[in-house]
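User: I would like to learn how to read ring pairs and helix packing in a protein model. Could you take me through them slowly?

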Amino acid sequence: MGAGRVIPGIDVDGAHRWRPSAQLREHVTDIWAWRSGATVPGTHQGVPGGHLTVVLCLDGDMELLRAPDPARSPGRYVTSVAGLHGSPAVLATGAAQTGMQLRLTWRGARELLGLPAGELSGDVVDLTVLLPGISSVVDRLREAPTWPARFALLDRELCRVIERRDSPGEPAREVVRAWDVLLATGGSARVADLAGEVGWSRRHLGERFRAETGLGTKTAARLIRFERACDLLRSPGRPALADVAAVCGYADQPHLARDFRDLAGLTATEWLAERPS
């Protein structure tokens, strides 16, 4: 496999989105597919959010120049999963590439990958280590005739993995409740209120929350809010930055701008230039 391989049903650059089936949706909230032609070599910031990221390259591969946790090693991957993280990854760009990307929930990591999301925190790993059969699935995706056929095939195969997987058990209901409250409030809930909601001390909640998800509660709140802002900025009709800041609970537009600098390593304008709506 390499740049220039002809993949059936792919003849233009662009992106496609699939809403997973009801069976899969609790674990994988979105599946995206893309094709990009060759460009001048550069870098791309893999921004953090409230989901783990699974990448399947159908043509080319993904070159990781710097993991979200700088202590982790760089690498080159055909299939990969990135754990939750609070700083951007740096990826090489320039080569032509075709692939599919999944947004995996932290609870879905247990069901699909067989381990708590906290074990992948800040890291990017080869997906074949956790899903040995994924290479054969990728081969079948390459040969499928259209994007809808690929999406449907991948959806079916992931559902089969979940059905057959021996789960490592259920996460603590207190951690589940804390995350759900953060999600429902768009990341605006106070940590003290979360601890009171679940009946744990702030310290104990923070320790258990980090062990399960890989994030502290404050960082999780920040990333949930930031991911929502990014999604709005990529939506049809793209709202103004000031409107996105207000809707997502930022104090003002400069507050949102600071999050972009800290979490994406880019300004919002630079980030949007890389990602057409």
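This is a predicted model: local features need pLDDT of at least 70, side-chain atom pairs count only at pLDDT 80 or more; totals for chains, interfaces and linings use all residues.

User: How is a pair of aromatic rings described?

Analyst: A pair of aromatic rings is described by the distance of the centres and the angle of the planes. In this structure the count comes to 6 aromatic pairs. One of them joins W18 and F151, whose centres are 5.5 Å apart with 15° between the planes, and the pair is stacked because planes under 30 degrees apart count as such. W18 belongs to strand β1 and F151 to helix α5, so that the pair links distant parts of the chain, 133 residues apart.

User: Is F151 buried or exposed?

Analyst: F151 is buried, with a relative accessible area of 3%, whereas W18, at 24%, counts as partly exposed. Together with W147, these two residues form one aromatic cluster.

User: Which residues place a charge over a ring?

Analyst: R225 lies over the face of Y250, at 4.5 Å from the ring centre, and the charged end of R234 sits over the ring of W32, 5.2 Å from its centre.

User: At what angle do α9 and α11 pack?

Analyst: Helix α9 (residues 217–233) and helix α11 (residues 253–264) pack at about 105°, with their axes 11 Å apart, which means that α9 is roughly perpendicular to α11. Among the residues making the contact are F226 and L233 of α9 and L256 and F260 of α11. The residues of this contact divide into 9 nonpolar, 1 polar and 5 charged.

Key: Residues are numbered from 1 along each chain as its sequence is written. Side-chain values use heavy atoms; hydrogens and water are left out. Axes are lines fitted to C-alpha atoms, for helices over the stretch in contact, and angles run from 0 to 180 degrees between N-to-C directions. Helices (H or I, at least four residues) and strands (E, at least two) are DSSP runs, numbered from the N terminus. Angles under 35 degrees count as roughly parallel, over 145 as roughly antiparallel, 65 to 115 as roughly perpendicular and the rest as oblique. Contact means heavy atoms within 4.5 Å. Ala, Val, Leu, Ile, Met, Phe, Trp, Tyr, Cys and Pro count as nonpolar, Asp, Glu, Lys and Arg as charged, and the others, Gly among them, as polar. Rings of Phe, Tyr and Trp (its six-membered ring) pair if their centres lie within 6.5 Å; planes under 30 degrees apart count as stacked, over 60 as edge-to-face and the rest as tilted. Buried means under 20% relative accessible area, exposed over 50%, partly exposed in between (1.4 Å probe, protein chains only). A charge sits over a ring if NZ of Lys or CZ of Arg is within 6 Å of the ring centre and within 35 degrees of the ring normal.
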